[in-house]
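Please look over the sequence and the model before turning to the points below.

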Protein chains: 2
Amino acid sequence: MKLKVFLFSLLSISIYAQNPTEYVNSFIGTSNFGATHPGAIAPRGMLSISPFNVSFDTKGIENPLEKDSRWLSNPYVNENKFLTGFTHVNMSGVGCPELGVIIAMPTTGALETNHLKYGTTYRNEKASAGIYSVELDKYNVKAEMTASTRAGISRYHFPKGEANVLINLGLGLTNEQGAMVKIVSDTEIEGMRMVGSFCYNSPELAYPVYFVAKFSKPATSYGVWQKPYKYDGVESQWMTYNDQIRLKEGFAREVVGDSIGTYFRYKFEKPEMVELKVGVSYVSIENARENLEKEIGNASFETVYQQTQKAWNEVLSVADVQGGTADQKTIFYTGLYHALIHPNILNDINGDYPEATTNKIGNTKNTRYTVFSLWDTYRNYHQLLSLFYPQEQLNMVKSMLDIYQESGWLPKWELNSTETFTMVGDPASVVLADTYLKGLTQFDVEKAYEAMLKGANTIKNNPIRPGVEEYWKLGYLSVDGGVSGPVSTTQEYNIADYAIAQLAKKLGKKKDFERFNKQSLSYRKLFDKQTRLLRPRHANGQWYAPFNPESGANFEKNVGYIEGNAWQYVYMVTHDIKGMIQMMGGAKAFEKQLDYIFDQNQYDMANEPDIAYPFLYNYIKGSEWKTQKRMDDLLKTYFKNTPDGLPGNDDTGVMSAWMVYGMMGFYPVVPAQPIYTFTAPKFNKIVLKLDKKYYPNETLTIESNASDKNIFIRQIFIDKKPYNSYFITHDQLKKAKHIRFELGETPKK
Amino acid sequence: MKLKVFLFSLLSISIYAQNPTEYVNSFIGTSNFGATHPGAIAPRGMLSISPFNVSFDTKGIENPLEKDSRWLSNPYVNENKFLTGFTHVNMSGVGCPELGVIIAMPTTGALETNHLKYGTTYRNEKASAGIYSVELDKYNVKAEMTASTRAGISRYHFPKGEANVLINLGLGLTNEQGAMVKIVSDTEIEGMRMVGSFCYNSPELAYPVYFVAKFSKPATSYGVWQKPYKYDGVESQWMTYNDQIRLKEGFAREVVGDSIGTYFRYKFEKPEMVELKVGVSYVSIENARENLEKEIGNASFETVYQQTQKAWNEVLSVADVQGGTADQKTIFYTGLYHALIHPNILNDINGDYPEATTNKIGNTKNTRYTVFSLWDTYRNYHQLLSLFYPQEQLNMVKSMLDIYQESGWLPKWELNSTETFTMVGDPASVVLADTYLKGLTQFDVEKAYEAMLKGANTIKNNPIRPGVEEYWKLGYLSVDGGVSGPVSTTQEYNIADYAIAQLAKKLGKKKDFERFNKQSLSYRKLFDKQTRLLRPRHANGQWYAPFNPESGANFEKNVGYIEGNAWQYVYMVTHDIKGMIQMMGGAKAFEKQLDYIFDQNQYDMANEPDIAYPFLYNYIKGSEWKTQKRMDDLLKTYFKNTPDGLPGNDDTGVMSAWMVYGMMGFYPVVPAQPIYTFTAPKFNKIVLKLDKKYYPNETLTIESNASDKNIFIRQIFIDKKPYNSYFITHDQLKKAKHIRFELGETPKK
């Protein structure tokens with residue numbers, strides 16, 4: 001019966017065009033290292049329930065995308081076929097393994113606690129925003145799951161006979177270990193699990209995630225299992241139980257250890273359904289219980305799913321797209337969906353959250369966000385939020401400032417209130433400036449500015465800008481200074497300095513403006529006229545040699561660059577494209593270099609440094625059509641309605657944001673400059689719904705005669721008047737109600 | 001200053017003869033596998049603080065009594081010299097490793113968390129009842145510790161400079177692992193540690209011990225360390241921190257894992273003292289905190305020590321001995337001290353305790369005792385309590401009945417509400433009957449009787465008496481029935497049946513009396529006339545062959561016996577010595593066999609089966625002097641005022657109880673028969689203080705002209721009248737006020 005309700009609800013929503021969740025295919029990005037997962041999650045949810053199929057014995061398996069041996073950063077890979085449970089906290093589209101714990105698993109028959117033995121193949125996977133279901137071959141069990149923000153419900157449809165629900169706290173996406181569990185009653189457990197060591201870094205920052213799990217039916221029997229490590233000493237001779245799993249039947253006090261789990265067992269006279277409700281918290285078990293009680297309580301699976309589905313429909317409704325193919329719509333809305341997973345909510349429903357580095361528990365009346373992958377997101381992601389979700393963007397800015405307040409530094413790659421110091425640069429400054437300059441000024445800009453200056457000016461022990469002393473002295477980071485990727489990092493610092501300069505100007509801090517504006521161009525000292533590339537340089541001014549511009553592609557480690565090579569970085573100076581054109585020797589040379597990069601496959605769609613490259617043709621009069629052509633090619637090649645439908649790691653929604661902007665026909669090409677540049681939209685009509693509180697018009701309609709062939713802009717009209725530029729300021733866009741693209745099959749040269 | 005107070009208090013007590021703690025040398029039994037420890041403990045304390053010196057790298061060490069490789073059951077061995085901390089829960093005089101966790105260690109200088117590196121040699125150990133102190137060579141730190149029942153205080157006297165207090169939750173006496181810890185503030189931590197797998201059995205019964213630790217001075221810095229296991233997978237290539245200890249500086253949420261600990265660091269401008277107060281509980285952290293607060297709170301080290309010293313003086317004052325050497329007094333009072341450690345208190349100060357097998361938390365208004373090593377203690381230990389501490393004995397009986405109520409079975413070898421099923425037989429029945437028959441009837445004897453019958457009569461799945469079906473059918477356990485030590489176990493069941501019969505008789509249950517009385521003699525079917533020993537037998541009646549009576553000595557595994565051989569078991573039938581004499585062919589043959597056992601070194605003073613043998617000469621008219629001679633020899637040989645001053649494992653005070661009785665001149669030779677037999681006392685005057693509530697006379701004075709040479713009884717006088725038997729009933733003893741032994745240098749033949 002309930003199953004039918006679920007199917008009906010899936011069907012029912014497809015009737016209404018205003019239900020964009022219909023166009024969410026959460027399997028997109030689950031292959032080709034997209035690192036997304038198809039699990040059930042609410043918008044920016046703290047909890048998600050994802051199938052976990054990345055742990056198995058790799059011997060004899062053909063496509064062994066095994067989590068540890070492959071550094072997998074996702075609990076699920078579409079190619080894999082061996083499922084060992086459903087994780088309750090997960091990350092989406094990140095480049096390093098983390099979370100992927102509190103793994104529940106329904107099984108039948110005799111109790112088996114070794115996941116390599118209880119794992120199973122599966123069939124009939126279904127997933128959409130907020131829901132996932134699958135059938136487990138070995139057990140003939142259908143499992144369905146949905147989630148609210150901090151809690152989730154799973155339904156396990158068991159056949160008649162012995163049934164088990166395991167919660168494995170030993171297994172996880174990373175090989176971090178350590179857990180506590182306590183069986184509270186025959187329908188409830190509570191516990192915690194250590195997580196941490198993102199990117200196999202900073203293991204000392206590992207922290208617990210707490211949970212409470214409630215079962216809809218009292219267990220016939222229950223217990224805890226514990227798997228100790230194998231003892232090698234002489235005592236192993238008399239330890240008959242060495243290297244064996246222990247079953248603590250009925251044990252009701254805490255059990256702690258590296259590898260533990262609980263089992264709840266049932267004996268069913270007929271097919272029965274068991275519902276498992278789980279609440280999580282990063283603060284305490286009590287808060288996990290409160291999150292579960294207040295968000296789900298006695299609500300049914302259907303109610304929770306409907307609420308979450310409604311929430312997704314609301315947040316996805318910011319853009320109503322019409323006139324593309326179903327695949328295009330799915331690609332678009334799934335991109336938007338992926339952009340609404342991180343940063344996610346960190347605070348409990350009562351406002352509690354773990355503060356950054358203080359080891360205290362804070363409390364907020366706003367929302368405390370986490371997972372700030374800023375090296376990625378400063379480029380376009382927060383710009384998308386400022387447009388579509390200004391209130392959310394402001395809350396994220398406030399979270400960033402709270403992190404500064406707590407830890408003394410702005411976030412760089414923040415994760416559950418730990419700073420992972422992953423990647424390089426000073427990206428938070430760019431986000432803060434960009435937000436303010438777009439008119440979202442409802443935050444403490446003086447504190448923000450103070451934080452930006454601290455990151456830019458602190459000479460000693462500066463965790464944000466290592467090497468900053470040399471940077472200010474020479475204008476660049478030398479290959480001798482010990483800072484990795486000195487060319488890339490110089491560019492990142494320049495971009496941040498540009499952002500600081502723009503904000504300083506806005507705030508009337510003229511001297512600061514001049515200083516930072518000047519410094520933002522210091523990358524020019526790395527311009528090597530001979531190669532016409534930015535080249536690693538010694539502190540004494542000599543060029544680094546031998547210099548191979550291609551070195552650094554495909555994440556290969558190299559002397560000058562971070563996750564890229566000279567081609568992928570040379571034009572990462574969007575705040576100074578005019579300067580770059582000049583250094584290159586004019587527009588022609590600039591364009592030739594850009595063509596070369598694309599034509600020689602030096603462009604890397606899978607990573608961020610060159611993410612704005614396709615839009616740079618718009619800086620060359622007469623060659624703007626190349627932006628439209630490159631974008632059409634890239635969108636068609638890399639963004640598909642298939643599991644491998646992302647070019648690679650989604651980078652917490654940055655790739656998706658790029659695609660969403662691209663398909664809408666404009667892109668925020670210069671971070672911290674409130675400007676967009678145009679390309680051809682991919683839908684005939686896009687109605688953007690804008691937040692009345694921050695935007696003068698409730699909607700902005702973008703119309704076009706887009707089609708598979710109509711990919712070139714012939715003329716742009718804004719509010720029915722011809723518009724003769726490929727750039728538009730944020731203020732102009734805000735004021736516009738209607739943009740029409742007249743497209744054609746041939747470029748306008 | 002404070003140090004002086006402590007020394008003064010130690011000196012001051014020596015002035016008063018009524019302070020028997022003066023004669024406690026808690027180093028006795030810390031060598032020769034006595035398995036006692038010199039740590040600070042209150043009478044029957046749940047907590048004790050013992051030096052821990054049994055974990056080190058054995059390479060190149062001469063006397064490597066290392067815990068794992070030697071199956072050490074004690075946290076401290078006098079021969080060892082490398083100390084790695086102070087444990088807060090310990091067992092005393094048991095044969096298997098257990099507890100020995102929550103290990104605190106003061107160090108100085110840079111932080112080091114590997115105990116193999118931070119361990120140190122030491123000097124100037126001092127210990128008495130309730131107190132222990134030592135100086136650590138490596139750190140020039142003096143450490144002192146004292147304890148209340150459920151809490152303890154340690155004082156660490158640090159020199160100027162960097163100081164650290166470590167609490168290592170990875171290390172422990174056994175290799176069980178799993179702990180949780182949370183730093184509550186800069187002066188407090190809370191946590192738990194898994195313990196269990198006593199005798200390397202039943203690891204699934206492992207359970208947590210909870211603790212709260214408070215520091216007298218706020219730490220300058222603090223944190224948690226975590227030592228993960230070494231990863232062997234491919235990921236170990238990129239885990240730069242593989243196999244390395246992690247320091248979680250300032251971390252204030254829970255940390256869980258197999259190998260963790262906390263550090264509290266100080267920087268002292270001058271020598272300073274840090275006090276560490278620890279409370280424990282087997283129920284919860286909250287209870288551990290309450291135990292600490294209510295028992296110690298703000299009390300000073302001196303106050304706690306004085307209270308505990310007073311408590312020891314009170315319980316040790318049941319016997320005031322005069323006229324022996326100082327060594328004899330020390331041996332005697334230390335024996336009594338060792339007999340007052342286990343069974344120990346399990347319930348928290350609020351009455352909470354973990355129930356046996358129910359997985360519930362119970363609450364008692366009495367005392368819930370634990371550590372019932374009944375195979376040992378049924379022989380003489382509870383008899384000693386019935387005499388000296390009748391109220392305590394009754395409370396223990398009540399605990400045993402509560403265990404029956406909770407688990408469905410009487411305890412056998414109970415430990416912290418887990419049944420370890422160590423050793424064989426049905427010893428609880430003997431203790432219950434013996435207690436009741438001695439007039440301590442203030443317990444639910446009908447329930448006790450019901451429990452005894454259940455153990456005796458349950459044919460299937462009887463955890464107390466495996467093989468009981470065959471036992472009732474054949475009268476003995478055959479070598480074919482799969483029960484280990486079938487001869488020994490038959491004898492144990494016989495002894496229990498004798499006890500049940502005696503109680504049945506007392507309760508007027510005539511039929512039961514007849515049935516059990518008859519069965520109590522069924523061991524006779526194992527009497528082999530040829531060897532005149534009890535011999536393993538097949539179910540079909542054939543004797544087991546080949547039969548080597550000596551097989552089984554020194555704990556060697558053998559077919560017929562448990563921890564003994566045929567000689568050590570043949571006379572373990574004290575309820576039927578007359579029958580045995582008859583089977584042997586008369587008193588002469590019986591005596592000859594007994595002489596043979598002693599003279600051929602077949603008597604094992606280190607274990608229980610033959611513990612009554614020296615007293616059996618009293619059954620042979622004219623040979624009673626041999627009891628006196630054997631006892632004198634044994635006491636002189638095996639009981640000394642030295643670390644190796646116990647014959648071996650103290651077996652939770654049973655060896656000590658044997659010695660205490662022996663030195664007083666009488667012994668409860670037949671368990672469950674309220675009778676004692678005499679030997680020559682070793683003091684000139686012993687005043688026994690008896691509990692008015694249970695005994696008609698407040699004191700019983702035993703006088704003698706005992707000396708090193710006067711070891712033979714010439715005449716016994718009771719209340720000044722000549723007494724012409726070597727046996728006395730419990731009732732007669734109760735009524736007596738004065739017993740005088742006229743001793744001489746030559747035997748009375």
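The model is predicted. Chain A is divided into three parts: domain 1 (18-312), domain 2 (368-461) and domain 3 (471-569). Two contacts are described here, one between domain 1 and domain 2 of chain A, the other between chain B and chain A.

**Domain 1 and domain 2 of chain A**

- A distance of 32 Å separates the C-alpha centres of domain 1 of chain A and domain 2 of chain A.
- In this contact, 11 residues of domain 1 of chain A meet 13 residues of domain 2 of chain A.
- About 910 Å² of area is buried between domain 1 of chain A and domain 2 of chain A, and carbon and sulfur atoms give 65% of that area.
- Of the area that domain 1 of chain A buries against domain 2 of chain A, 55% is supplied by A:R44, A:F198 and A:Y207, more than by any other three residues.

**Polar and charged links between these domains**

- One salt bridge is counted between domain 1 of chain A and domain 2 of chain A.
- A:R44, named above for its share of the buried area, also has a side chain that meets the side chain of A:E392 in a salt bridge, at 3.1 Å from N to O.
- Three residue pairs are in polar contact between domain 1 of chain A and domain 2 of chain A.
- On the side of domain 1 of chain A that touches domain 2 of chain A, eight residues are nonpolar, one is polar and two are charged.

**Extent of the contact between chain B and chain A**

- Chain B and chain A each bring 48 residues to their contact.
- The area buried between chain B and chain A is about 4000 Å², with 55% of it given by carbon and sulfur atoms.

**Links and elements between chain B and chain A**

- Two salt bridges are counted between chain B and chain A.
- A:R246 and B:E176 form a salt bridge, in which the closest N and O atoms are 2.7 Å apart.
- There are 19 residue pairs in polar contact across the interface of chain B and chain A.
- The elements of chain B that give two or more residues to the side touching chain A are β10 (179-185), β11 (188-195), β12 (207-215), β14 (246-249) and β15 (255-257).
- β14(B) provides the largest share of that side, with four residues.
- The side of chain B that touches chain A has 27 nonpolar, 11 polar and 10 charged residues.

Notes: Residues are numbered from 1 along each chain as its sequence is written. Chains are lettered from A and ligands numbered from 1 in the order in which they are written. This is a predicted model: local features need pLDDT of at least 70, side-chain atom pairs count only at pLDDT 80 or more; totals for chains, interfaces and linings use all residues. Side-chain values use heavy atoms; hydrogens and water are left out. Domain bounds come from an automatic or database domain assignment. Contact means heavy atoms within 4.5 Å. Buried area is the accessible area (1.4 Å probe) that two parts lose on being put together, summed over both. A salt bridge is a side-chain nitrogen of Lys or Arg within 4 Å of a carboxyl oxygen of Asp or Glu. A polar contact is a pair of N or O atoms within 3.5 Å; within protein, one must be able to donate a hydrogen and the other to accept it, and residues adjacent in sequence count only if both atoms are side-chain atoms. Ala, Val, Leu, Ile, Met, Phe, Trp, Tyr, Cys and Pro count as nonpolar, Asp, Glu, Lys and Arg as charged, and the others, Gly among them, as polar.
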